Amino acid sequence: MLTSLQENILSGIDDKDLRVIIIAAQGPVFSSGHDLKELTSVQGRDYHTRVFRVCSEVMTLIQDLPVPVIAMVNGIATAAGCQLVASCDIAVATDKSSFATPGVNVGLFCSTPGVAIGRAVPRKVAMEMLFTGRPITAQEALLHGLVSKVVREECLEEETLAIARRICDSSRPVVALGKAAFQRQMAQARDAAYATATAVMVDNLALRDGQEGIQAFLEKRRPLWTNSTEKAHD
Amino acid sequence: MLTSLQENILSGIDDKDLRVIIIAAQGPVFSSGHDLKELTSVQGRDYHTRVFRVCSEVMTLIQDLPVPVIAMVNGIATAAGCQLVASCDIAVATDKSSFATPGVNVGLFCSTPGVAIGRAVPRKVAMEMLFTGRPITAQEALLHGLVSKVVREECLEEETLAIARRICDSSRPVVALGKAAFQRQMAQARDAAYATATAVMVDNLALRDGQEGIQAFLEKRRPLWTNSTEKAHD
Amino acid sequence: MLTSLQENILSGIDDKDLRVIIIAAQGPVFSSGHDLKELTSVQGRDYHTRVFRVCSEVMTLIQDLPVPVIAMVNGIATAAGCQLVASCDIAVATDKSSFATPGVNVGLFCSTPGVAIGRAVPRKVAMEMLFTGRPITAQEALLHGLVSKVVREECLEEETLAIARRICDSSRPVVALGKAAFQRQMAQARDAAYATATAVMVDNLALRDGQEGIQAFLEKRRPLWTNSTEKAHD
């Protein structure tokens, strides 16, 4: 499953026409994380290590892709499934969705989900989820920053696609530059972060699409993106 | 008071039967922090240094203990008392509770409380509290992540014990491993954090209780924890 | 504009009577950020670099000043204007205000605003703002920690001045010490942060105003601040 997800999100990733990825599920469960049958003593330490390494790779890959990734959630997201929601750039959820890290109840503390969730919500919210396994509602998830938007079930696809279309209206290399810069600077101290972001602003302005956007704005017309990484000037 | 709190929370800490600690107060004040009489020029610089060192030790000790610590708050928590709430893993508060860092009003800016509070709530919330000394309500504290739950006064003990019992239903070494991993990885950059958490997941699976939890889940029965740090496999 | 803002906030900064700075705007826009006409290919890379360096300097200067800075917002704050709000210590906004980072729509991703906004609100909130350019309301800004308080338009000045007056009731060197300590410790790991803050508490107690505040409290009278950096003891 993890390998197939990894292959899927990497497929055609350099295609100029790929602008956004939506991760969705069929049925009442968004994702309930690892298959516990894969985690018994029979498989052994090396296999367990491989499983969690691939899982972490998929989660960080999502954040390192050049296009935004949206989780479209309608149902339960638990353990690594909750981590997946936390790892996406944007998450739209229905009001009947819920989120939990119940590993502690089956003797396997959700430590890897805690990496993504601890960076998405306030510390005390993360810790109560991790220590008790108690699910939080979609509204609580919205309140604490785990999801970006909560909608009624019948609006889920419409709202998710509205956000996706909005992203498609932008230039791909501009979005790619911006996403990478955000991830990089957030891991730095403030002054280093500003140095990173300042250099990226200047590079962004040197892009053909950076200049086209500004020209279009000044001329009060819609921009025509090349979506290529060509430069307008050095 | 600080020394006695330190001794109390360390008492029997390695006892397999100790699973969770609840910090509560009697009367209308949860804690109003330091006794200002101890902080005049008479005691001098060395004594002041000792007071704040011990205070920081108690606050970080709470986060480094192998069991979760719950603050059960019914009333006012100010200055180092507010820091104490922020330092606990989980905090349940009554709706009449309030939280403040009023040191600035008596000429002693709440800089050490700011370490815990600045890591619990959004920066602007922390700064307004620190610069104005204005108390926030329990609802505001919940909204911003300073407490985990707000309840009516008559439900405080019941709700706190419900969370505590939920923690007691889990395996002690699993919770200990998870709490330590959460604190460690949150201080690291994302990729290092995933390396830490991945190693901990594998160690967790190697515990006897890690395997018991999974077996019980697969066999649809309640797990029987040993609560010991014994391994099931290497 | 940036240079003039920089000169303005530095003017008289060492004056003992300067206790707080309020940044406000006239008209329906708080600030819409950079003038795009300054960012075309004509000006070139070196000029662009200078513009963003000065901008980052102003934003970090606000956080490094010895007095608190309050944004008083009544209207739209976008791009670097939104960054300005995020960079202030406290922000009071009217309920008709809105906040956005719409650079992506004109081909210039708001990467430098992302430094301040990513440190003020939850990551997913920041990313949706940055990727879609969608404005958030004053209430959403309050919920997520971008502003400190939302009020009706007719109360904006009154509420902002109430906070400012509260700050003026404190001792200037105490506030200066506390603000600097908060910024410094928030960039450190927990144990280093406590070492920083502990040293600052002891220095604060050694200030004449630190001792005056405590004496006044013990004697149940109003403190009389010197507002000087004189020490009471070593």
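Contact here means heavy atoms within 4.5 Å, and helices (H or I, at least four residues) and strands (E, at least two) are DSSP runs numbered from the N terminus. This is a predicted model, in which local features need pLDDT of at least 70, side-chain atom pairs count only at pLDDT 80 or more, and totals for chains, interfaces and linings use all residues. Residues are numbered from 1 along each chain as its sequence is written, chains are lettered from A in the order in which they are written, and side-chain values use heavy atoms, with hydrogens and water left out.

**Helix 4 of chain B**

Buried means under 20% relative accessible area, exposed over 50%, and partly exposed in between, with a 1.4 Å probe and protein chains only. By that rule, eight of the eight residues of helix 4 of chain B (residues 111–118) are buried, among them B:Pro113, B:Gly114 and B:Ile117. The cover over these buried residues comes from two chains and includes the elements below.

| Chain | Covering helices (residues) |
|---|---|
| Chain B | helix 2 (44–64), helix 3 (80–87), helix 5 (123–132) |
| Chain C | helix 8 (172–186), helix 9 (190–206) |

**Relation of the copies**

When copies are superposed by least squares on the C-alpha atoms of residues with pLDDT of at least 70 in both, a rotation of 120 degrees with 0.0 Å of shift along its axis places chain C on chain B with an RMSD of 0.0 Å. The two copies are therefore related as by a three-fold rotation axis. In chain C, the C-alpha nearest the axis belongs to C:Leu143, at 4.3 Å from it. The copies use different surfaces, since 7% of the contact residues of chain C recur in chain B.

**Chain A and A:Ile163**

Chain A has 10 helices and eight strands, and its C-alpha atoms fill a box of roughly 60 × 40 × 35 Å along the principal axes. Of its 234 residues, 60% count as buried, and among contacts between residues at least 6 apart in sequence, 66% join residues at least 24 apart.

A:Ile163 lies in helix 7 (residues 156–168) of chain A and is buried, with a relative accessible area of 6%. Not counting residues up to four places away in sequence, A:Ile163 touches A:Ile70, A:Ile90, A:Val92 and A:Lys149 as well as C:Glu128 and C:Thr132 of chain C. A:Ala180 is 17 residues from A:Ile163 in sequence and 19 Å from it in space, C-alpha to C-alpha.
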